Amino acid sequence: MITINMDKAKGIAHNIRREKRAEEFKPYDDIIAKQIPGADSIAAEASRQVIREKYITIQSQIDIANTADELKSALGI
């Protein structure tokens with residue numbers, strides 16, 4: 001039987017979450033950081049907030065997970 005170290009598994013899951021979040025942020029980060037003319041920075045920031053809220057929920061699900069399956073479910077894998 002395989003025993004999973006849940007603390008390490010949660011750490012890995014959080015790293016995966018951070019990477020996914022960074023990918024989703026990328027197009028909006030460019031708009032805000034570069035102040036691209038014609039790009040709506042207010043809309044970009046609103047989109048970033050939606051992404052933050054999504055990943056706050058995922059973070060909470062990872063934190064309360066008790067099994068590998070719950071971690072996978074939280075990450076959508």
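In which helix is F25 found? F25 is found in helix 1, a helix here being a DSSP run (H or I, at least four residues, with strands, E, needing at least two) numbered from the N terminus.

## Basis of the model

This is a predicted model, in which local features need pLDDT of at least 70 and side-chain atom pairs count only at pLDDT 80 or more, while totals for chains, interfaces and linings use all residues. Residues are numbered from 1 along each chain as its sequence is written, and side-chain values use heavy atoms, leaving out hydrogens and water.

## Helix 1 against helix 3

Helix 1 (residues 6-34) packs with helix 3 (residues 68-75) at an angle of about 5°, their axes being 11 Å apart; axes are lines fitted to C-alpha atoms over the stretch in contact, and angles run from 0 to 180 degrees between N-to-C directions. The two helices, helix 1 and helix 3, are therefore roughly parallel to each other (angles under 35 degrees).

From helix 1, M6, A9, K10, A13, I16, R17 and K20 meet A68, L71 and L75 of helix 3, contact meaning heavy atoms within 4.5 Å. By class, this contact of helix 1 with helix 3 has 7 nonpolar, no polar and 3 charged residues (Ala, Val, Leu, Ile, Met, Phe, Trp, Tyr, Cys and Pro count as nonpolar, Asp, Glu, Lys and Arg as charged, the others, Gly among them, as polar).

F25 is buried, with a relative accessible area of 9% (buried means under 20%, with a 1.4 Å probe and protein chains only). Not counting residues up to four places away in sequence, F25 touches R48, I51 and R52; F25 and R48 are 23 residues apart in sequence and 6.3 Å apart in space, C-alpha to C-alpha.

R17, which also lies in helix 1, is buried yet has no salt bridge, the nearest side chain of opposite charge, D63, being 7.0 Å away (a salt bridge is a side-chain nitrogen of Lys or Arg within 4 Å of a carboxyl oxygen of Asp or Glu). Lys and Arg count as positive and Asp and Glu as negative, with His and the chain ends not counted. Beyond residues up to four places away in sequence, R17 touches Y55, I58, Q59, I62 and L75.

Terms used:
Parallel < 35°, antiparallel > 145°, perpendicular 65-115°, else oblique. Buried < 20%, exposed > 50% of the residue type's maximum accessible area, 1.4 Å probe, protein only.
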